[in-house]
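Here are some friendly notes to read alongside the structure. Please keep the sequence and the model open as you go through the numbered points.

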Amino acid sequence: MFQTGEEIVHSTNGLITTVGYKLGEGSTHYALEGSIAVAGSLIQWLRDQLGLINSAAEVEKLARSVPDNGGAYVVPAFSGLFAPYWRPDARGAIVGLTRYSNRGHIARAALEAVAFQTRDVLDAVNADVLTAGGVPLTELRVDGGMVANETLMQFQADVLGVPVVRPVVAETTALGAAYAAGLAVGFWSGLEELRTNWRENHRWSPSLDIDERDRQLRLWRKAVARSMDWIDEDTEPATEA
């Protein structure tokens, strides 16, 4: 989500223009939204469908058992690719496998897929914002269950080239609902009081060499291209066992 203020910015790069929020009689604030079909559920897939891990928390340890992805890339297009590609004909793919590849490489590639998908969306955000005369992203504030994974957070900063910031309260959706309810009943004095409540828990700065980052992005987009055009008229739908 990238807030665009009171201006409606219509995306030309595969994003959704949505309402960010409206408080009481105040102005409506809009946002650009990048919908990704599979992120945290990819780790659940490693656990439940492949049995590589016993719990979601184990994926970080497994990913750290190898120094890199070993050339493997996971494209989790289980139900097609959402933003910014919008390709319902795509399907999941694991590419770049060799005899050297092991479960650690798959786990690492799965985590990296989350970061790569975020990079794709934020490239689209920056393109739309610059076209509208705005300022591109300078840091990414993250929330949700996956922000506990420090390996993922560092790679996210590396692949974006901007700092990634985790707040003290990582469940931003629940916090926002509580803030809105508090404003409605007068518990909070206003938005300025809420802004002063925000606290940074941890910050990850980019450390990956730019040439290496660009190489990995090139290979990721090559993997994404391999996942497309999979569904044909005679493709049998997936069935549950």
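1. Buried means under 20% relative accessible area, exposed means over 50%, and partly exposed is in between (1.4 Å probe, protein chains only). Helices (H or I, at least four residues) and strands (E, at least two) are DSSP runs, numbered from the N terminus.

2. A word on the source: this is a predicted model, in which local features need pLDDT of at least 70 and side-chain atom pairs count only at pLDDT 80 or more, while totals for chains, interfaces and linings use all residues. Residues are numbered from 1 along each chain as its sequence is written, and side-chain values use heavy atoms, with hydrogens and water left out.

3. What span should α3 have at 1.5 Å a residue? The expected span is 1.5 Å times one less than the number of residues. For the 29 residues of α3 that gives 42 Å, and the end C-alpha atoms are 42 Å apart, which agrees. Just after the helix, Gly 133 has a positive phi of about 85 degrees.

4. Within α3 (residues 103-131), have a look at Arg 108. Its relative accessibility is 16%, so Arg 108 counts as buried. A polar atom of the Arg 108 side chain lies 3.0 Å from the backbone oxygen of Ala 63. A polar contact is a pair of N or O atoms within 3.5 Å; within protein, one must be able to donate a hydrogen and the other to accept it, and residues adjacent in sequence count only if both atoms are side-chain atoms. Leaving aside neighbours within four places in sequence, Arg 108 is in contact (heavy atoms within 4.5 Å) with residues including Ala 63, Pro 67, Asp 68 and Thr 151.

5. The structure holds 1 cavity of 30 Å³ or more, and about 100 Å³ of space lies in the largest cavity. Of the 14 residues lining the largest cavity, the closest to its centre are Ile 36, Leu 81, Phe 82, Ala 83 and Gln 117. The elements that give two or more residues to this lining are α3 and α7 (210-227). By type, the lining divides into 10 nonpolar, 3 polar and 1 charged. On a 1 Å grid over the protein atoms alone, a cavity is a set of points where a 1.4 Å probe fits but cannot get out, and lining residues have an atom within 4 Å of a point.

6. Ala 83 also takes part in a cis peptide bond, joined to Pro 84 with omega of about -5 degrees. Pro 84 lies in the loop between β4 (73-75) and β5 (93-95). Trp 86 lies in the loop between β4 and β5, and its phi is near 55 degrees, a positive value in a residue other than glycine. At 38% relative accessibility, Trp 86 counts as partly exposed.

7. Is Asp 229 buried or exposed? At 55% relative accessibility, Asp 229 counts as exposed. This residue sits in the segment after α7 and has a positive phi of about 60 degrees although it is not a glycine. For context, most residues other than glycine have a negative phi, and most peptide bonds are trans.

How values were computed. 1 Å grid on protein atoms, 1.4 Å probe; cavity = no way out; pocket = protein on both sides within 12 Å on 5 of 7 lines; lining within 4 Å. Points joined across faces, edges and corners; volume = space filled by probe spheres on them. Nonpolar A, V, L, I, M, F, W, Y, C, P; charged D, E, K, R; others polar.
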